[in-house]
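Hi,

Here's the structure I said I'd pass on.

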Amino acid sequence: MSASAGDREPGTPQDGAKEESGGPACAGESSRHDSVCAGASEIKSRAVVKYSAAPPPASYALLQEKTDLKLPPANWLRENPQLGSAGTTVLGSSSKSKPFSSFGMAYEFIDCIGDDVDVVSDSENIKKLLKIPFSKSHVSMAVHRVGRTLLLDELDIQELFMQSSQTGDWTWLKEFYQRLIDQKWQRKKKSKEHWYQKAILSKFLYYSINGDGAAEPVPDNPHEGEGEAEEYSSSWPTAFTSAAFDTEESNTPKQESVSMDSEFGLGQVTSVPNEQNLPMLFDEVESSQSLRNDFVRNIMWTFEDIHMLVGSNMPIFGGGRYPAVSLRLRDNNKPINILTGIDYWLDNLMCNVPELVMCFHVNGIVQKYEMIKTEDIPHLENSNFSTRVVKDIAQNILSFLKSNCTKEGHTYWLFKASGSDIVKLYDLTTLCEEAEEEKCQNPFTLPVAVLLYRVASNLMLKARQNRKHYGTIRTLLLNCVKLLDEERHPQIVASAHYMLSELFQLDEPPEGDEGESLRGGGSEDSYSDEDREEEEELTEDSDENGSYGSFSSPQDDSKAVAVIRSVGELSVPEKYKSTHQIRPSGAFPVSRDKEERCRHVLSYALKGLKAVDGTIKKESDLPAADPNTPIPLKYEDRSAIGAAEQDMSLLLERATPLPADQKHPSRSGMMAGSWQHRMKLQLFLKASKAYYVLSDAASNLLKYGRALRYIKLSLQCYDAYCSVSGTLHPHVLQFHSQCLSLCGDIQLMLAQNANNRAAYLEEYSYQTKEDQEILHSLHRESSCQAFNMATDLSTDPEYQLFVSSKCYEAAYELVISEALKDQMAQVLKRLGNIRNEMGVFYMNQAAAMQTEKEVKKSVSVAEQEMWKKSFAFFEKGMKDFEAIGDGTNTALLLCNTGRLMRICAQAHCAVPADQSRGEFSPEEALYYNKAIVYYSRAIKSLASRKNHPVVWDSVNWELSTTYFTLATLLQDYAPLSRKAQEQIEREVTEAMMKSLKYCDLQTESARQPLYQYRAATIHHRLASMYHSCFRNQVGDEHSRKQHRSLAELHYGKAVALFLSLKDAPCELLRTLLERVAFAEFTMAGQNSNAAKLKSLTGAVEIMAETRCAFQLIHDELLEIELSEADAARGAPSGLNLQEVMKLIGVFEPSFSFLLLQLIKLLTATKRKPSNKDEELLRTYKSVYSKLLRAEKNAPLLRRLELHIELLRQLTPHTGSDDTQP
C-alpha cells in the first residue's frame, strides 16, 4: 500500500498501490509507494488525492496506560485541521452526512463527471453499500445519474420527515413510506450508550493530537506504569517527520492535482470558450451551504475496475513503520466483528493508509496499543472476511444501479429496511409527479439541474477540439431544462438554451467524418429525452441477470423500479451485469441543411429570451404588442435618393458604442451588468448571426425576397444588441460589416432581377410565428428602426442600387475604422462592383434616351448628366479595384468606360431633319479615340491573355470593334469638307489595319467566327476602297498600279475568309461579283484582244467561284422550305432573300456579258483555233444559250440550280475545280 493520502499537502496527488488480502508482508514496503505483494488473492486498489485540506500528518501522541478518556482534554472540541471541523464526533465523518455531499464534490471536480468516474459519494455511503450483505441495518440513499457517473447521497428518512412538517417538501414521500413500507413508522431515539461512545472517541482523538493536554493516568502503581510505558514506546519506530514526507512528496505526480482555489469551486461555472462570454450563474445556489464540499480530503479511488470520487474525513497521523497510520479506539471487552473490520479495511484502502493503530480501553481507561497492517485486517480474529467477496459486492451493486438508474435528472431511492434482505430501488421523480398535492417539489431537482449544466458547460471547453461531445452536451442541457421551472430559475434556463444554440455551428457545414461521429452520440450513456418516453429495458428474473423486474409478493413492489430479492445475491460473482445500454438516440442531430440548423438556433434563442423577459417586470412602460400579430415590414417606392442620404447615415450610427459608464436601465427596465443584460447580449447576437446565415443561404438559392427579410431580421437583432451594449467588440463590428455587405448584395440582386418583383414581395412579406415572437422580444429593448432604409423592398432599381452602394460604403467605413485588413479586399471588391453596376445603369439610361429621340438633335442636358454620373462611378470603381491590385476588374471597368465613350460618340452623330446621315463629326472622332485609349488601358491592365482569357478576349473584341466602327464611319461618311480624300483614305486604312490586328484568328473560341467575319469584311472594305481609288484616280500610274495590286490582294483575302465561314454566302457572292466588276473594268482599259481575252478568262474563273456561294444559298433555302413544312421546328435561317434576289440580278447580266464577250473574242480571232479553243467556244455558247433561254420568273430555287449547273459546266474548262461545300 502507498503512503497516506491525508498526509499530503492540499492538492498533492497520491501514487497508486495494489492491496492483496492474505499472505506474508513484503519487504521494503515503506521505501516505495507502489508495492505489490504476492498472496492467495489480489485486490487492485489505487487512490489519488485530488484535494486535501489537512496539514501534513503529525505523529500521534501515545497515551499512557491508565489514561482516563472520560476526562476531557484541554483542547477538546476546538477546531483542528487534523480532525476537520470541531464537531467531529464519529471517526471518518462529521456529525451528520449531508444529503448533497456528492454534489459538492461533483461541482468541485466537474472534469471527472460524466465519463471518467463511476461513483461520487461520501466514503461512509460506499462502506454502507459494501456491507449490505453482512448488515441488518437499514440503507437509504438517493441516486442520481449524470452520463455514466452515479452520485450517491444518504437520504436520512427520519430527519427528512421531521423537517417535512415545516417545509412540506417531503410530505408525499412520508405518505408513500407510511402507506407502502412502514405503516407504523416513528422516529427512533438514540441510546445514551451511543452518545457516550461518540464522546469518548472524540476525547481520544483530541488527546492523540495534543499529548501535552493528556489527562493523568489512573494511579495504580506509578513505577510500573512508567516502566511499561517506557518499554512500550521503545519498541515503536521513530516518529514520522516532515522531512521524510517531503522526500516522498517530491516523487509524486502532479498532473492530477487541483489547488484549493480551484476554478471549479462553488459559485462558479466552467465557462464555455472566452469568445462566447457565457454569463456566470447560480447566484441562488452560492449561498446554499449544503452544496459545499466539506470533506477534509477528496480521493480518486480505483477499486478493481470501479472508479470512484470519494470524500473522507478520517484523521490520519504520522508514526509507526509507515509515513501514515489511522487511529482506532476499541473497547477491550468487545471483540472486533466483521462489519468493523470491513469499515477499517475500506477506510485505509480509500486513503492509502498502510497501517492501523488500535487503542484498547476498558470503561474509558487506556489499556494498550496494537499495530495492524492494512492487508492483515481481513484476517483478524472474529473479523475474517473475503476481499474477493467485497469486490464482487461492489461490482454487483454498481451494475444493478447502472442498469436501473437510467434517466438523467431523475432522483432514485435505494432502500433496504432494517432486518430485511430485500433491497428496492424507487424513482422518486416519477412518484413526485404522480402525487396530487400542489407542493410536491423534489429538493434534489435544483442541485441535479445545476450539476447537469456544469458538466455540459465543462464539456463545451472540449467541444471545440472534439465535436463528439456535442450529443452529450445537448442531452445534459435538455435534461437540465426539463427539470427546472422557468419562473423559479430563469437564469439557468436561459443560459442552458443559449448553450444549446451554441452547439449548432453556423459558419461551416459539418464534414463527412464529423457527421458520422456525431450521429454515433457523445458517449455510450448519452440518450435523448426530448419528445419521447424512455423505455426501461428491464429483464425478468433469470439465473444470469438476477431480479430486475418487479417483485410480486410485497404490496409496494409495484412502485419499485427494480428489486434485489436477497442481499445474498450480491456476493455471487457477476450476478448482476450492466447489460442496459442507454440508447445513443440522443446524439447531436446533424443536419446538412443550413436552414434547419439556423431554425434550431433561433428556437433555443427565443426560449432563452422568453426566460429573461419573464424576469423583467416593467411591462407597463412598453408599448402594447401582441406576439401573435405580425409586425409589418414596410416596402415603398423611394426615388428621392437625395432625401435618403441622411437616413442612410444610421447604418454607421450603430457602430458607435454607448457610453461605457452607462448604468441607467434599458428600455425594458434591465440594468447594465445584470445577468439579464449579459444574457440578452449573447442571445441577440446569436439570433442575428442565425438570421444572417439564413439570408445568405436564401440569397444563394436566388430567393432574394426571403433573403432581404432575413437580413432585415438580422439587422433588427443587431440593433437591439447595440441598444443594450456598452461596448462593441471588434468581432461584433466585423459581423456588422458582413451584414451590411450581404444586405448590399441582396439589394443589388433585387435591382438586377426586377422581373420577379411580385414573387420577391410575397417572400418578403411572409413571417413565421417564431420570427414574430423574436421581434416582440427585440422591441422590448429597441424600436429596431435603424436599418429600415437599408432593408426596405423598393420598386425602383435606381434606389436599390443606391441603397446597395451605401451599405457597402458603411461596411467599408467599419472595416477602415477597426483596421480589419482581412475584410478590406472583399469590401473594396464589392464597392468597385456596385459602382460599376451604377455606372452601367446610368450608361444604359443615356443609351435609352438616344433611342427614344425621334430626331437626333443636339445632345440634351439629361444625357450629359447621365454621362457624368456614369463616368464618376466608373472612376471610383477603378480606384477601388486598383487599391486591391485587381487588374481584371479594373480592365472591365476601363472597358465599360470605353463603351460609355462610344455612346457619347453616337450621341454626337449629326442627323438633320431629312434623316440623312451627315459627315463624320470631330466630336465623334474625339470620343471614339477616347474609347480606344480606355480599351488600350484595359489591355495593359490585363498584361496578358493567360491572366484572364475571357476578359482579355472581351476587351480585345471591343477594341477591334471600336477601330472598325471608326474606320467604317470615316469611310462611309467621309468628312470631305474638312479633310482631303488621301488623308481620309490613310486614316481609314490605319484604323482598319489596327482593327485587323486585334482580330484573333488563331485562338479557338466562341468569337473566332466573328473575328473571321470581321477580318473578311475589313479586307472586303479595303479592297472596295482601293477598287474605287483605282477607278477614280487619273494620271498617277504608279498609284494606280499600287491600288490595283492592293485591291487584288484584299479581294483575295476576303474571298478566302468568306469561303472558310460557310455561313456568309451573300457576302461571298457580293465580294466575288465586285471582283468580277474589277476585272471587267481592267479589261475595259485594255486594247489588245489577247489582253482582253486573258482578263475575261480570269473574270470567268472568278465567276465560276460563285458556284460555292450559290450552293450555300441553295442549301439554306431548302432548309427554310423544310422548316416551313414542319411548323414545330420553325425557320432557323436568317437568310436575306431580298439581298439574294438583288445579287442574282447583278450576277445574271454580268455573267451573260462575260460569256458574250468571250464568244465574240474567240470567234473573231484570226489564227486557227485549236481543239481546246473550239471546245471552249462550244461550252461558252451552250452555257450562254441556256442562260438566255432561262425563265426570268422561275422560282428562286430553280434559278439557283440552273446557275449552279451552268457554273459547273464551266469549271473543268476554267481550271477552277472547286469542291462543293
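Predicted model: local features only at pLDDT ≥ 70, side-chain atom pairs only at ≥ 80, totals over all residues.

Before going on, a caveat and some background. The chain has 39 helices and 13 strands. Of its 1221 residues, 54% are buried. If you count chain contacts with a separation of 6 or more, 77% of them are between residues 24 or more positions apart.

Next, α29 (residues 922-942). This helix has 21 residues and reaches 30 Å from its first C-alpha to its last, close to the 30 Å expected at 1.5 Å a residue. The buried set in α29 is E924, A925, Y927, Y928, A931, I932, Y934, Y935, A938, I939 and L942. What do the buried residues of α29 pack against? They pack against α27 (861-883), α28 (887-907) and α30 (949-972). α29 is followed by A943, and the phi of A943 is positive, near 70 degrees.

You can see the α30 side of this from T962, which lies in that helix. T962 counts as buried because its relative accessibility is 0%, and the cut-off is under 20%. Leaving aside residues up to four places away in sequence, T962 touches R902, Y928, A931, I932 and Y935. Y928, A931, I932 and Y935 are among the buried residues of α29.

There's also a helix pair to look at, α16 (594-613) and α19 (residues 675-700). Two packed helices are described by the angle between their axes and the distance between the axes. For α16 and α19, the angle is about 160 degrees and the axes are 9 Å apart. Angles over 145 degrees count as roughly antiparallel, so that is what α16 and α19 are to each other. Their crossing is left-handed. The residues in the contact of α16 with α19 divide into 16 nonpolar, two polar and seven charged.

Q716 sits in helix α20 (residues 704-724). Is Q716 buried or exposed? Q716 counts as buried, because its relative accessibility of 7% is below the 20% cut-off. Setting aside residues up to four places away in sequence, Q716 touches L775, L778 and C784.

V572 is in the loop between β13 (560-564) and α16 (594-613). With a relative accessible area of 40%, V572 is partly exposed, because that value falls between the 20% and 50% cut-offs. The C-alpha atoms of V572 and I393 are 7.7 Å apart, although 179 residues separate the two along the chain.

Cheers

Note on methods. Residues numbered from 1 in each chain as written. Heavy atoms only, no water. Helix = DSSP H or I, 4+ residues; strand = E, 2+ residues; numbered from the N terminus. Buried < 20%, exposed > 50% of the residue type's maximum accessible area, 1.4 Å probe, protein only. Contact = heavy atoms within 4.5 Å. Axes fitted to C-alpha atoms, helices over the stretch in contact; angles between N-to-C directions. Parallel < 35°, antiparallel > 145°, perpendicular 65-115°, else oblique. Left-handed = near helix turned anticlockwise from the far one by under 90°. Nonpolar A, V, L, I, M, F, W, Y, C, P; charged D, E, K, R; others polar. Expected span 1.5 Å × (residues − 1).
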